[in-house]
Amino acid sequence: MPEQFHPGTGAQSDVEISLREVSKRYPGSDADAVRPLSIDIARGEFLVLVGPSGCGKTTTLRMINRLVEPSGGEIWVAGKNTAHVDPDELRRQIGYVIQQVGLLPHLSIGENVGLVPKMLDWSKERIRQRVDELLDLVGLDPDTYRSRYPKQLSGGQQQRVGVARALAADPPVMLMDEPFGAIDPITRGHLQDEFLKLQARIRKTIVFVTHDIDEALRLGDRIAIFDEDARLAQLDTPLAILTSPADEFVRSFIGDGAAIRRLSLLRVGDLPAVPETSTGTGIEVDPGETVSAVLEKILAAGLDSAVVRGRGSLTVRDMLLATAARDESAVVS
Amino acid sequence: MTRALGLRDNATAQASAEAAPRSSFVLPLVAGLLVAGVLIYIQVADLDAIEARSLAFGELLVRLGEHVRLVIVSTLVVVALGVPLGILLSRPAAGPLQAPVLAVANAGQAIPSIGILVLLALLFDVGFAMAVISLVVYALLPVLRNTMVGLRHVDRSIIDAARGMGMGSRRILFTVELPLAVPVMLAGIRVALILNVGVATLATYTDAGGLGDLIERGIVFYRMPILLSGCLLTIALALLVDWLAGVAETRLRPRGL
């Protein structure tokens, strides 16, 4: 039996995944598919790898669970060098979700979700309970869906099952390779929202690959942007990336409208408000609400200002100017 | 080579896809009518001594039994050889062996069975075993090829997901690849079965009996009733076996596919 893998018992308590000078060069190629890359990913962090195709983001992801073996460097997960852990053992402790979902078509939804627990020799009863719990968690009624087959489900439903399956053994780490990439835009939006809510509850350490910068900005705690030559162009929070793109590539990759998009990432509580005693002017909002949500409320109510609970009042003009002039240091993401 | 193989793969895959709605009763009905027709003809026709002896009910049953036994045994051997061999050849490590083994299997099907039968009889002996060997040589290719094709056509992303969940290659073979390859493999086994029903009529030349006995005797003695009965019964058997194989194919196909 190879070295046992115990998630969550790492020596460094706050770093779950550590990439140390990890690189990949495929045989016969004269360029690195992944250039030496070092990133520490904190426990419970949602890191998005984004970039055009061929930038090495998927290769990087697949090196974490050793579906691709690194050519150089080390990857540590939960305080263990993955090179010294049996690959199958390692993968059973890491959730894996891919764009094509990859449900086994000849197994029922319940059996698909229970695959990893079964490999870990859980009892039948425990697997059954876990399957129902997970189907519930991803918004599928267990009684309706447990014994259906994958082809009877829509693409969005299948990917919910894919997420449930990845969560089955409660792994501390999830790797997701464009999980919502093949789903229609409306359903994708729903799934993103739901997944954010789910993540707020389960706090997994997630590495998520996408080529869609909007998805990255929406989901990530931090975003790593790679360019076509597999160079890490910028690694930062969504707000910081929108506020100060590291270079021309990042700027063009973000595209137009960075200032407007920042509005949905900034919270009104972070803006300097004018202390005000009277609250009679109209609507009162929570400091945790985003600037764009508050603007929407103010404009919809036909007003020109709002009172931030416990802070003071903000006018539309204040908000727009303060947003535009913000420097990164004052921002709490 | 691979290209040509690919074309044939498609044909096989299509044949297996069409198999599903074939559980109609046309085939067994035709087979039943053929058998009934032969039996009635034997009863009412004016048969001479040779014809009467060859077409006695007991005699027919013996020939049919020999034929069915040849088909079953040779098909079992073909499956026992072809499926494991196909699995081994589809493993990445066996890549370089694929082409030569397929070439041999191709040659096996290209050589007429009657040639193999006569060769075996000259070199070794006549009898049941020799008949089975020549049937196996002839029918191995479809089972071997369809096993490989079935495994190769399993969706890569499903295997990727399975690996990503921590399944080892043996577990992937048995819980993912083989179940998903079953429909194509079954189509190959069905082809082998039908080939065997037909080719087993030649077993009479190596003294292994079968319905071919009737055909051969009909020709040698120039007795149309015997020749015709042998032909019609063989056809009826082939139709029945094909129908049974089709039903089995539908039944054995994993649910959810």
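Visitor: Which residue follows H5(A), and what is its phi?
Guide: Happy to start there, and please keep in mind that this is a predicted model. H5(A) is followed by A:Gly139, which has a positive phi near 85°.

Visitor: How many residues does helix H5 of chain A have, and how far does it reach?
Guide: One way to read a helix is to set its reach beside the expected value. Helix H5 of chain A covers residues 124-137, which is 14 residues, and the span from its first C-alpha to its last is 20 Å. That is close to the 20 Å expected at 1.5 Å a residue.

Visitor: Which residues of H5(A) are buried?
Guide: The buried ones are A:Ile127, A:Arg130, A:Val131, A:Leu134 and A:Leu135. Around the axis they cover an arc of only 130°, which puts them on the same side of H5(A). Turn to the face pointing away from that buried side and you will find the exposed residues A:Glu125, A:Arg126, A:Gln129 and A:Asp136.

Visitor: What do the buried residues of H5(A) pack against?
Guide: Their partners in chain A are helix H3 (109-113), helix H4 (115-119), helix H6 (142-145) and helix H7 (155-167).

Visitor: Now to chain B. How many helices and strands does it have?
Guide: Chain B has eleven helices and zero strands. Its C-alpha atoms fill a box of roughly 75 × 45 × 30 Å along the principal axes. Of its 257 residues, 41% count as buried. Among contacts in chain B with a separation of 6 or more, 79% come from residues 24 or more positions apart.

Visitor: Where do the buried residues of H2(B) fall, seen down its axis?
Guide: Let us meet the helix before looking down it. Helix H2 of chain B, residues 26-44, has 19 residues and reaches 27 Å, close to the 27 Å expected. Its buried residues are B:Leu27, B:Ala31 and B:Val38. Seen down the axis, they fall within an arc of 35°, so they line one face of H2(B). On the other side, the exposed residues are B:Val26, B:Leu29, B:Leu33, B:Ala36, B:Ile40, B:Gln43 and B:Val44. The cover over the buried residues of H2(B) includes helix H11 (224-252) of chain B.

Visitor: How are two packed helices described?
Guide: The description uses the angle between their axes and the distance between the axes. For your example, take helix H4 (residues 57-90) and helix H9 (residues 169-199) of chain B: they pack at an angle of about 145°, with their axes 10 Å apart. H4(B) passes H9(B) in a right-handed crossing. On the H4(B) side, the residues making this contact include B:Val71, B:Val78 and B:Val83, while those of H9(B) include B:Met185, B:Ile189 and B:Leu193. By class, the residues of the contact divide into nine nonpolar, three polar and no charged.

Visitor: And between the chains, how many residues does the contact take from chain A and from chain B?
Guide: It takes 20 residues from chain A and 17 residues from chain B. On the chain A side, the elements giving two or more residues are helix H2 (87-92), strand E6 (94-98) and H4. H2(A) gives the most, with four residues. Sorted by class, the side of chain A that touches chain B has eleven nonpolar, four polar and five charged residues.

Methods: Residues are numbered from 1 along each chain as its sequence is written. Chains are lettered from A and ligands numbered from 1 in the order in which they are written. This is a predicted model: local features need pLDDT of at least 70, side-chain atom pairs count only at pLDDT 80 or more; totals for chains, interfaces and linings use all residues. The expected span of a helix is 1.5 Å times one less than its number of residues. A residue is buried if 20 or more other C-beta atoms lie within 10 Å of its own, exposed if 12 or fewer, and partly exposed in between; C-beta atoms are placed from the backbone. The arc is that of the directions from the helix axis to the C-beta atoms. Two residues are in contact if their C-beta atoms, placed from the backbone, lie within 7 Å. Axes are lines fitted to C-alpha atoms, for helices over the stretch in contact, and angles run from 0 to 180 degrees between N-to-C directions. A crossing is left-handed if the near helix is turned anticlockwise from the far one by less than a right angle, and right-handed if clockwise. Ala, Val, Leu, Ile, Met, Phe, Trp, Tyr, Cys and Pro count as nonpolar, Asp, Glu, Lys and Arg as charged, and the others, Gly among them, as polar.
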